Amino acid sequence: MQQACQYFVFGNVAYGKYSTGYESNYQLTGRTEEHTDSGYTGDREAMLLSTGTNVQHGANNPDNDEDQNKVTVTSFTMQVAGHVYGKKDKKQGMLYLGRGLILKALQDPPRGTRELQFYQQVFSPTNTDEVTIALRRFMPAYHGTMEFDGGFLKLENIVEHYTQPCIADVKMGKVTSDPHATPEKAAYEKSKCPSAAVLGFQIAGMLIYQPDTEQYERVDKVAGHRLTTDNMISEGIGKFFGFPKSIRKDVIEILLSKLVDLQYWFTSQRQYSFYGSSLLIVYEALICDKHKDSSSSQSSSSSQSTTSDDKVSTTSKHQGSNCQSPDRLKTLPMIDVRMIDFAHVFPTTVEDRNYLDGLTNLIQHLRFLLDFKS
């Protein structure tokens with residue numbers, strides 16, 4: 001199923017090791033590839049990082065009045081796992097660029113090089129390989145690169161159009177260390193989450209919205225690594241979907257169809273092995289009260305502030321188009337799943353059983369939830 005990608009512009013991007021301390025503002029030191037956005041009407045985010053030279057985001061839009069030599073980015077509050085930008089003086093993690101895009105920092109070579117090359121190969125407009133073309137719908141769309149204080153991938157923001165998203169990062173594979181890892185590194189990775197060797201997947205992080213309290217519960221990787229085969233349903237993947245009293249079976253049913261499609265892709269491809277890659281699962285948690293007038297809904301996003309290590313309070317601004325009001329009860333729920341994190345993708349000539357076994361077991365867990373009688 002070939003998809004048109006004429007709007008992607010590619011080029012080489014050079015990046016290396018940076019040691020600049022974390023500051024509130026950065027000069028742009030390189031270039032960004034061009035990408036034309038259309039139809040976006042979201043609110044402009046507050047400035048955090050800006051200024052610089054030779055920045056062309058939006059430059060193809062003649063009606064764009066903003067300074068073409070500036071971009072604005074903020075911290076990405078919906079990140080549930082992985083490196084956090086600026087933490088411990090690391091220039092890694094993700095930033096929110098707006099206009100439906102996020103920035104993901106490229107790791108030092110060779111990991112960052114592999115991830116960049118994988119995105120470029122999959123989304124290249126000259127790509128004619130049916131296997132990688134079929135993979136596009138399971139990945140965030142790639143919109144080029146940007147440089148400031150290091151290299152960044154410019155990617156589709158999967159949660160952009162959600163009001164109160166529930167988000168889970170599920171790291172796939174019984175083995176997450178790649179073939180180049182030392183025996184010590186491989187043993188360390190295995191020791192972090194022993195249950196992954198049995199389950200074939202692990203919870204790297206979750207953000208679960210509770211409509212009753214209008215709060216988010218955050219499950220970090222430490223809590224995720226403690227999950228076992230005995231409590232993965234009750235405290236892990238089941239909890240994410242409302243187990244045991246309010247299981248979102250409408251969401252699970254659609255998710256299963258998507259994962260079965262991905263499972264078929266893995267059974268048919270013999271080109272890549274994926275290590276340390278995750279599935280990002282997102283669904284809309286907000287369901288309007290049937291007795292409330294949904295016409296009072298307004299705005300398009302929710303603001304949030306951290307109140308503790310695992311609770312996040314929210315000021316809800318419900319968007320009517322996302323809210324399942326009485327008039328929309330038959331509308332399919334918003335649900336998406338994408339593969340992310342490709343710093344450890346390697347060529348192969350055999351089936352990727354490491355990833356496939358974990359995906360198959362995840363599907364079995366979801367089918368259990370679908371069949372569960374509350």
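Predicted model: local features only at pLDDT ≥ 70, side-chain atom pairs only at ≥ 80, totals over all residues.
Residues are numbered from 1 along each chain as its sequence is written, and side-chain values use heavy atoms, with hydrogens and water left out.

The structure holds 21 aromatic pairs; rings of Phe, Tyr and Trp (its six-membered ring) pair if their centres lie within 6.5 Å, and planes under 30 degrees apart count as stacked, over 60 as edge-to-face and the rest as tilted. One of these pairs joins phenylalanine 266 and tyrosine 355, which is stacked because the ring centres are 4.2 Å apart and the planes stand at 10°. Since phenylalanine 266 belongs to helix α7 (residues 249-268) and tyrosine 355 to helix α8, the pair ties together parts that are 89 residues apart in sequence. Helices (H or I, at least four residues) and strands (E, at least two) are DSSP runs, numbered from the N terminus. Phenylalanine 266 is buried as well, with a relative accessible area of 0%.

The pair of phenylalanine 274 and phenylalanine 342 is edge-to-face, because the ring centres are 6.2 Å apart and the planes lie at 70°. With phenylalanine 274 in strand β9 (residues 272-274) and phenylalanine 342 in the loop between β13 and β14 (345-347), this pair ties together parts that are 68 residues apart in sequence. Both phenylalanine 274 and phenylalanine 342 are buried.

Strand β13 (residues 335-340) is largely enclosed by the rest of the structure, because 6 of its 6 residues are buried. In a regular strand the side chains alternate between the two faces of the sheet. In β13 both faces are covered, with Ile335, Val337 and Met339 on one side and Asp336, Arg338 and Ile340 on the other. Strand β13 runs antiparallel to β10, to which 6 bridges join it; strands pair if DSSP finds at least two bridges between them. Valine 337 of β13 is the bridge partner of isoleucine 281.

In helix α6 (residues 232-240), the buried residues are Met232, Ile233, Gly236, Ile237, Gly238 and Phe240. Their cover includes β6 (165-172), α4 (196-199), β7 (201-210), β10 (278-284) and α8 (353-371), where contact means heavy atoms within 4.5 Å. Just after α6, glycine 242 takes a positive phi of about 90°.

How values were computed
Buried < 20%, exposed > 50% of the residue type's maximum accessible area, 1.4 Å probe, protein only.
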